[in-house]
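I am opening a notebook page on a structure that is new to me, and I will write down what I look up as I go.

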Amino acid sequence: MMNCATFPKYSLLDFFFTLIGVCTFLFDVGSDLWVAKEFYTHGEFIWCGLFVGFMLISSVVIQLFSWFWLQYDRGLKDFESQASAGNVVLFSGAKRVKLLLFLHVCQLGFFIRHISAIWQGFRVWWRKGCGSEFAVYLTHDLSMLRLIETFCESAPQLTLMMYIMLHNDHPRLVQYVSVGASTTSIAWMVVDYHRSLRSFLPDKDNQGWLSSVVYFFWNLFLIGPRVASVALFASVLPNFIAAHFLILWPVFVVWAWRQGTDFMDSPAGERLYRATIGLIWYFSWFNVAEGDTRDRSLIYHIFIITDTSILLTTWWFYRDTETTQSYAFSLIISIPLCYVLGLLIKVLYYCCFHPKLWRPADLGKTTYDVTDGVEPSVDVQADSASDHAINKRMSRHAANFYTTNTSSTVKTKECETTNASVL
């Protein structure tokens, strides 16, 4: 017997989404290798190297996160017995840990997590037994890892593709389609992560489809202009884009440190997390600490608007007026307008489409559920008798994203977990 947090039940739809996640992961890896091969066969070795470099850096970062989480999970009560009983890995105990370490070194840890999530989801759905808590937990971990992959790999690769289109001056239709699809994919991953995080807390309303669509467009109109402005700057001063990133990234990392992030379970893991947050903030806002997130979000957007304005102004004065004549004026007008539109949609979301507005008020208790929100912080904690069974990492992260005007408690209950495993 083991205490488990009370989470929503793992459904057949969740299982199919996990299957789709594996397919999209494999498709993403395959398409990246195909693009790298195209660069190589056309003699564009620098672009090929950059493209592969983004893939490798992203993969290493994801494997490190996965391994840090695995080390923490092994400390949970009865984890080893559950993992050995319900996992696709055939070994148990020390041999299993060594095998998983080898797979992570071979950059296969992320893929194994996908397979484990599918297996656990299938067991929960087929046997209709307790274990949904860990299945939901697994899918949330995967969502977090996919979000990290998105900003460590997809966003830099998208910037590179835009730069190549501007550099060649005669982009093909397929390149426009690729850029549009990549931008849409990045925005959707943010929405997917947000929906996954909401499902982690049992007492929160799920995000409806209309709310998700508004949330998607908000991120699309904020991330797209940011990536475009960076690509435009790189097209005129390619030797300075790395310097620009290396100037902003440490500032973001220090800001994350000053906010007192507490996501990982070791000092080394927390440093990795803050470094990754610095990279995410280079492209998009991401709330990482409890407190008054409205002021932090306002500071961030003012900073990004200022920086984006500098990038666009630099591009405007250094551009080749002859080759850019057909689209320069349209870009210099549309990019700022898109960003402003994204901010307006964000305000609209919180005013009209946020799920908290649709929930009936509890007797004697008013709940505010905010992502990047404006309310006081929440204290998500476990009952002292079952504190060992709660994944403190996810509880802390949920507390950073969701706030209430009173302390809330993630309650626990006892349940059978003979078919549960975390990896």
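How far does helix α8 (residues 209–236) reach from its first C-alpha to its last? I looked this up in what is a predicted model, and found that the 28 residues of α8 reach 41 Å, close to the 40 Å expected at 1.5 Å a residue. I then checked how covered α8 is, and 22 of its 28 residues are buried.

**Helix α12**

I repeated the length check on helix α12 (residues 328–353), whose 26 residues should span 38 Å at 1.5 Å a residue, and its end C-alpha atoms are 35 Å apart, which agrees.

**T308**

I went to T308, which is found in helix α11 (residues 293–318). Is T308 buried or exposed? Its relative accessible area is 9%, and because the cut-off for buried is under 20%, T308 counts as buried. Leaving aside residues up to four places away in sequence, I found that T308 touches R226 and S229.

**Record against model**

I looked at the UniProt record, an unreviewed entry, which places the feature "transmembrane region" at several stretches, including residues 47–70 and 230–252. Over residues 47–70 the model is 100% helix and 0% strand, with the end C-alpha atoms 35 Å apart. Over residues 230–252 I found 83% helix and 0% strand, and here the end C-alpha atoms are 17 Å apart.

**Cysteines**

I searched the whole structure for disulfides and found zero. C352 is accordingly in no disulfide, and the nearest cysteine sulfur, that of C351, is 5.7 Å away. C352 counts as partly exposed at 41% relative accessibility, and C106 is also partly exposed, with a relative accessible area of 36%.

**Confidence**

Confidence is highest in helix α9 (residues 241–258), at a mean of 94, and lowest in strand β2 (residues 412–415), at 36. Over residues 1–7 the pLDDT is below 50, although this stretch has 36 contacts in the model beyond near neighbours in sequence. Residues 403–423 also stay under 50, and the model has 87 contacts for them beyond four places in sequence.

Note on methods. Residues are numbered from 1 along each chain as its sequence is written. This is a predicted model: local features need pLDDT of at least 70, side-chain atom pairs count only at pLDDT 80 or more; totals for chains, interfaces and linings use all residues. Side-chain values use heavy atoms; hydrogens and water are left out. Helices (H or I, at least four residues) and strands (E, at least two) are DSSP runs, numbered from the N terminus. The expected span of a helix is 1.5 Å times one less than its number of residues. Buried means under 20% relative accessible area, exposed over 50%, partly exposed in between (1.4 Å probe, protein chains only). Contact means heavy atoms within 4.5 Å. UniProt positions are given in the numbering used here, feature names are shortened, and annotations may be inferred rather than shown by experiment. A disulfide is a pair of cysteine sulfur atoms within 2.5 Å. pLDDT is the predictor's confidence in each residue, from 0 to 100.
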